[in-house]
Number of protein chains: 2
Amino acid sequence: VRRCAAGVDVGGTKILGTVVDRAGEVRSHIRVPTPAAGEAVLDAVAGVVLQLWEAEPGAAGGAVGVGMPGLVDRAGVLRYAPNLPGVIDLDVAGGLARRLRSVGATAHVVVDNDATCATAAEHALGAAGGAGDAVMVTFGTGIGGGLVASGAIVHGSGNFAGEIGHMVVDAGGPVCACGGRGCWEVHASGRALGRQAREAAAAGRAPGVLERAGSVEAVQGEHVVEAALAGDAGAVAILERFGEWVAVGLANIANMLDPEVVVLGGGIVRAGPALLDPVQRAFMAAVEGARHRPVMRIVPALFGSEAGAVGAGVLALEAGD
Amino acid sequence: VRRCAAGVDVGGTKILGTVVDRAGEVRSHIRVPTPAAGEAVLDAVAGVVLQLWEAEPGAAGGAVGVGMPGLVDRAGVLRYAPNLPGVIDLDVAGGLARRLRSVGATAHVVVDNDATCATAAEHALGAAGGAGDAVMVTFGTGIGGGLVASGAIVHGSGNFAGEIGHMVVDAGGPVCACGGRGCWEVHASGRALGRQAREAAAAGRAPGVLERAGSVEAVQGEHVVEAALAGDAGAVAILERFGEWVAVGLANIANMLDPEVVVLGGGIVRAGPALLDPVQRAFMAAVEGARHRPVMRIVPALFGSEAGAVGAGVLALEAGD
């Protein structure tokens, strides 16, 4: 049994790599830009793995985990990746293993969805703390997620479980990037927060946010977070309403899965109570029979932007057991 | 290890009892009305169990499973039952065991949500056929459900998983019996089908349905089912639109859990292809990356109104293992 593994997370713009050991320690941090074409992505991932192995000889030649932004099947093939244009049916597991073999390494490669990886990190080492039933929700450009039932990650029949961002919460509502209408991420993603903030700024309801961004067009979710942390009333009001949309989806997930803890990840969670308090209030109002249930905890993630890479390493370690 | 167990399903109006053996055979069928008060319900359940034991001596004194319409915690206490007015925090497991002890029996009593029981029946003996990942959805007055992940029923942290009827799919939409707005069951339950059919009948769009019911006020979902089975165009159009609402919720569940099979139960499923075909079409359009996934099967339940009682017996048998 190996004591550490390399974990790599492929995002739409950057690739992050790290090494995780069984004690939960995270070592080495490598970051490279994501190339445009599929095979070039695999070349870059292989390069990151070799750099990690050089930096951490204890991981060299051992298990490698990779998180990919899209639907990854059980064989480690990326079937569909809406944020990696042109990448489809890419054999990540096979292609990476081949590249590593070509330099003499016989690493075992595990590939999964990036949000599933982040869930594994929070469950094994982070805010979900080994809970029997837990949900992780990551707010970014879209909304990603991962589910834990009876102590194990829920993979689903084709390994596609946890695609919670496209849960319809507002049928007939605004059009989503996926082509559907009223998906949760239309209202509750980081991108949605930016749009709502631009609307508020344009209407003169968020001067503190506007001041930080410089112009209405430049307003992003992060400006709302910064202004809210500074106590700006306009930003707090934006998060209050945004939090209600977050709660709608969380309540749906809670009604379905009854987790003991829900972990929220992504940059907007830095807003702290200005976001989490309205989420908690609206969540309790929306869960069926909430008065009759144990309280579900809603907590911020422990890992930040490294959650996917750390979790990929965790999954690789677990697969090696 | 016992070879058979008694299963009892408590509904809003009737209590059904049966005996299930490990080969999947279902024997004896008892039906009594549901009394109004909580303790009287337990008296009636105990009476049904004693009748079953008399009819099937092989089950006498053995495991007993009970399905209840509401939130049942891990200790077998019914915390909340919206369709049993006045029944709250009823210790079903303890109260039933005490009643059976008073006649000299030391039966092991298992209590769970009725839809979870129905899911156990379909998974162990019915249309889900032992699938690794499956979902059961029951369309009645409301919508009930049960989830299977990695071959096991998903219970959740407090045993409240599977409350899918109150998943919000139409935020800000019509008010639900739960007090929320736009819950799935507002649009896609058997009761919702009846309401939609009355609207269609009142507007002159469903003469075949109206003829079967006698008056607009008398129109129920079953009249739509009967008319659709006879090929009535108005009824088929009602089911077409209703099926789209069914599909919205099924797609949400599928995006979240990626089941290989979805089992639909409840009287309206008798409509067959007139319901299932539009559901399947709208479902494929709503699942993220549907082209890139294996096809999820949507199938009618094998068990009818006895699913809950049979499944309660299945859970009792499994608990005895």
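This is a predicted model: local features need pLDDT of at least 70, side-chain atom pairs count only at pLDDT 80 or more; totals for chains, interfaces and linings use all residues.
Reader: Which parts of chain B supply the side that touches chain A?

Author: Strand S6 (77-80), strand S10 (143-149) and helix H8 (233-257) of chain B each supply at least two residues. The largest share comes from H8(B), with seven residues.

Reader: What classes of residue are on that side of chain B?

Author: It has 21 nonpolar, 11 polar and nine charged residues.

Reader: What area is buried between chain B and chain A?

Author: About 3,400 Å². Carbon and sulfur atoms give 59% of that area. The contact takes 41 residues from chain A and 41 residues from chain B.

Reader: New topic. Is helix H10 of chain A largely enclosed or exposed?

Author: Largely enclosed by the rest of the structure, because 11 of its 13 residues are buried. Among them are Ala307(A), Gly311(A), Val314(A) and Leu317(A).

Reader: What do the buried residues of H10(A) pack against?

Author: Strands S1 (4-10), S2 (14-21), S3 (26-33), S4 (64-68) and S8 (109-113) of chain A, plus helix H3 (114-125) of chain A.

Reader: OK, now H5(A). What should the 13 residues of that helix span?

Author: At 1.5 Å a residue, residues 190-202 should span 18 Å. The end C-alpha atoms of H5(A) are 18 Å apart, so the two agree.

Reader: Which residues of H5(A) are buried?

Author: Gly190(A), Ala192(A), Leu193(A), Gly194(A), Gln196(A), Ala197(A), Ala200(A) and Ala201(A).

Reader: What covers them?

Author: The cover includes strand S9 (134-139) of chain A. It also includes helices H4 (184-188), H6 (207-213), H7 (221-229) and H8 (233-257) of chain A.

Reader: What comes just after H5(A)?

Author: Gly204(A), which takes a positive phi of about 80 degrees.

Reader: Last one. Where does Asp73(A) lie?

Author: In the loop between strand S5 (71-72) and strand S6 (77-80) of chain A.

Reader: Why does Asp73(A) count as buried?

Author: Because its relative accessibility is 14%, and buried means under 20%.

Reader: What is Asp73(A) in contact with?

Author: Leaving aside neighbours within four places in sequence, Asp73(A) is in contact with Arg79(A), Gly158(A), Asn159(A) and Phe160(A).

How values were computed:
Residues are numbered from 1 along each chain as its sequence is written. Chains are lettered from A and ligands numbered from 1 in the order in which they are written. Side-chain values use heavy atoms; hydrogens and water are left out. Helices (H or I, at least four residues) and strands (E, at least two) are DSSP runs, numbered from the N terminus. The expected span of a helix is 1.5 Å times one less than its number of residues. Buried means under 20% relative accessible area, exposed over 50%, partly exposed in between (1.4 Å probe, protein chains only). Contact means heavy atoms within 4.5 Å. Buried area is the accessible area (1.4 Å probe) that two parts lose on being put together, summed over both. Ala, Val, Leu, Ile, Met, Phe, Trp, Tyr, Cys and Pro count as nonpolar, Asp, Glu, Lys and Arg as charged, and the others, Gly among them, as polar.
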